[in-house]
Amino acid sequence: MPLTQTEFLPRAEATLTRLDGAVLDALSHHGEPTVESLAQVFDEEDSLTPASLIQALCPGPLSPVGLAALVLREVLAPEDAVLDGSVSETRVVTGNARAPGSLLVTRPLIVLGDLEVAGVLEDQGPDSTLVVLGRCSAWGLQTSGNVLVLGDLQVRDVIQGVYNDDSLVVAGDLSTRFLDENDHEVACYGQVHAEHHLENGRSGDDAASLASTFLLPALWDLDLGEIHHDALFERIRRSEPAFTDAPQPRQTREPDAPTAEELEGLDIEGIAAQASKKARAKHVIYAQRKTGEVWLLSPGNFPLQIFDGKQFFGKDAPPALDVKQRASERATFWRKRGDLFLELERFGAVIQLHAGTNNGSMRTFRFAFGTADAAVLELRRLEARYEGDFLRVTSEIPGRGPLEREFAKHGGPKAEYTSAIVQGATLITRDGSQERFGDEASARSALEDWIAGKRQAGFDLKVLEWSPSGLLGKR
């Protein structure tokens, strides 16, 4: 049915005068609805289809879109529709809409009746304005766009807001098992019924900690401070369990900074005074009471300082190292608390130690020994020293992602960077190559050749990192 300005706008004026209560409040959430906001999209001589009218109003505030939908309900004959899979073109359903499975909305969708989704309802940012004049129900709702429901919103399992650009506005009651507003605006003019509610602005650490009481362990990570929403909604799509059978004790993340117990008996102030004039006890990022080891770091003020219980690393001039050779062996360790890493390389009778923070500051120390056997013994001692507090890793940081080594070269007209990871049996580099091998051990051996080649070309290790910080890890 074509819509003309002379017929549509008077109906809009009449509709607007009848609005009151929660419906008017919800419609006014993004500003008072006006007939003038609708008049702007009409050309005096042309008519609009319902879809083209909605398309002309989107993206934009919900007020004019919601008012237009209410007028359309008065002038269009109701016709029900089945939505299968996705909505990729602007659409107006004049009656009730039903999706037999999950529904992805990538363009504006207006439902003048009820919307029922037997799966996850997901929209896509500002391109996907969703307005439902009746009741909206789904198993899960993952929204990053503008959603307006003038009836009740009933979501069986989870509602998650994504990004803070748009809003979820409900005139009726909102019911769900788990409401995670995240950083998305959620406004309900009825009552909110949620067993678990994480409000807008919640921190990632708090969210993961609270989620540990009711979500299955695979769906939250205390160390990363996050809820694995994608995995959560995938479980909902597949009708797999996501919630614990009974409330669980709340888990909390271990602190990054050393605890009072770990610092007990250590002369932190004295050690800090030896490290740097700018060093203070607050700069301690790692301490091991058993050995007396202390790491201090203040980016911008002083580089990483490591006190091994007796002396600081790197006080003596480092021995020469032939960078053309391939490392005899390598041992890599990662500590979740503080995201610290430690990598040990042996080149014959020389040990090179890299230490730092994920995608942050790093410092390299070098030690020479009389024989290769003596260097091997020292390497084994260092491995034993750190294996209690650090996790030994090869190509993957458990719970994090691929271990990426970034190299830098500063000798030319501009700085150059490159990096590499091993995924399964494949060596992947930022230079654009992917080389497959028969097994992971072969891929790691090829990585050693790649590292030696980069050092021969004048590159030095810049940092170790894991996805999502690593460029390759987030491909």
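A: Strands here are DSSP runs of E with at least two residues, helices are runs of H or I with at least four, and both are numbered from the N terminus. This is a predicted model, in which local features need pLDDT of at least 70 and side-chain atom pairs count only at pLDDT 80 or more, while totals for chains, interfaces and linings use all residues. Residues are numbered from 1 along each chain as its sequence is written, and side-chain values use heavy atoms, with hydrogens and water left out.

Now for the partners of β30. Two strands pair if DSSP finds at least two bridges between them. Strand β29 (residues 416-423) pairs with β30 in the antiparallel sense over four bridges, and Ile421 has Ile428 as its bridge partner in β30. These two strands form a hairpin with two residues between them, and Gly424 in that turn has a positive phi of about 65°. β30 also pairs with strand β31 (residues 434-436), again antiparallel, over three bridges. Here Thr426 stands opposite Arg436. This second hairpin has four residues between its strands, and Gly432 in the turn has a positive phi of about 105°.

Elsewhere, an open sheet holds six strands in the order β3-β6-β9-β11-β13-β15, with parallel pairing. Its edge strands, β3 (91-93) and β15 (185-188), each pair on one side only. β13 (residues 167-170) meets β15 over four parallel bridges, with Val169 partnered by Ala187.

Finally, the aromatic contacts. A search of the whole structure finds twelve aromatic pairs, meaning rings of Phe, Tyr and Trp (its six-membered ring) with centres within 6.5 Å; planes under 30 degrees apart count as stacked, over 60 as edge-to-face and the rest as tilted. Tyr286 and Trp295 have ring centres 5.4 Å apart and planes at 70°, so they are edge-to-face. Both Tyr286 and Trp295 are buried. Tyr386 and Phe390 are also edge-to-face, because their planes lie at 85°, with centres 5.6 Å apart. Tyr386 and Phe390 are buried too, and ring pairs link Tyr286, Trp295, Tyr386 and Phe390 into a cluster.

Terms used: Buried means under 20% relative accessible area, exposed over 50%, partly exposed in between (1.4 Å probe, protein chains only).
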